[in-house]
Amino acid sequence: MAKTAKGLIEYAKAQLGKPYWYGAFGQAASESFYKQKKKQYPNYYKWEYTPEVAGQKVHDCVGLIKGYLWCDSAADTTPTYNPAQDISANGMFSACVTKGTIGTMPEVPGLLVFMDGHVGVYIGGGEVIEARGHKYGVVKTKLANRAWKNWGYCPFILYEE
């Protein structure tokens, strides 16, 4: 099944309000998954697990894109790990063939926007969806209100003319 810019936007919108967990790409939150991630990334898991997040999809910034890429269809399906696409936010920017500085960004919903170590999904109309950090979760922000430096066409999805 082809992955599209429209599908990426729909997936990102479906994640709004959900928690940010470093190293996650759309898995369901659980206490055991929390313990696994805390052991893997102790510097990023300074907070305690709370049961009210159980079952919600969790992502980090690039995990928001991977979650879409690695799910079969609907936003509520379980992602299947794909090592060929397992890259960091900076690695995702490097993989973009067509890219530029934020001042040259075309009005193309589904583009990725970047700052060092962080990526978001441009949804059009000057808005971005990003997994911003544990304090924020997955949020919608104004492109102009954040320090985005670059943009790029995600190399793993199709953009319509």
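Let's start with a pair of helices: the axes of helix α1 (residues 5-14) and helix α3 (residues 61-70) come within 10 Å of each other and cross at roughly 120 degrees. Here an axis is a line fitted to C-alpha atoms, for helices over the stretch in contact, and angles run from 0 to 180 degrees between N-to-C directions. Helices (H or I, at least four residues) and strands (E, at least two) are DSSP runs, numbered from the N terminus. The contact (heavy atoms within 4.5 Å) is made by Gly7, Leu8, Tyr11 and Ala12 on the α1 side, and by Leu64, Ile65, Gly67 and Tyr68 on the α3 side. Sorted by class, this contact has six nonpolar residues, two polar ones and no charged ones. In this sorting, Ala, Val, Leu, Ile, Met, Phe, Trp, Tyr, Cys and Pro are nonpolar, Asp, Glu, Lys and Arg are charged, and the others, Gly among them, are polar.

Before going on, note that this is a predicted model, where local features need pLDDT of at least 70 and side-chain atom pairs count only at pLDDT 80 or more, while totals for chains, interfaces and linings use all residues. Residues are numbered from 1 along each chain as its sequence is written, and side-chain values use heavy atoms, with hydrogens and water left out.

Ten of its ten residues are buried, so α3 is largely enclosed by the rest of the structure. Buried means under 20% relative accessible area, exposed means over 50%, and partly exposed lies in between (1.4 Å probe, protein chains only). Among the buried residues of α3 are Val62, Ile65, Lys66 and Trp70.

Two of these, Val62 and Ile65, lead us to methionine 92, which contacts both of them. Methionine 92 is found in helix α4 (residues 89-95) and is buried, with a relative accessible area of 0%.

Finally, step back to see the whole chain. It has four helices and eight strands, in the order α-β-α-β-α-α-β-β-β-β-β-β along the sequence. Buried residues make up 47% of the 161 residues. Among contacts between residues at least 6 apart in sequence, 64% join residues at least 24 apart. The C-alpha atoms fill a box of roughly 45 × 35 × 25 Å, taken along the principal axes.

Terms used:
Lists of a residue's contacts leave out its neighbours within four places in sequence.
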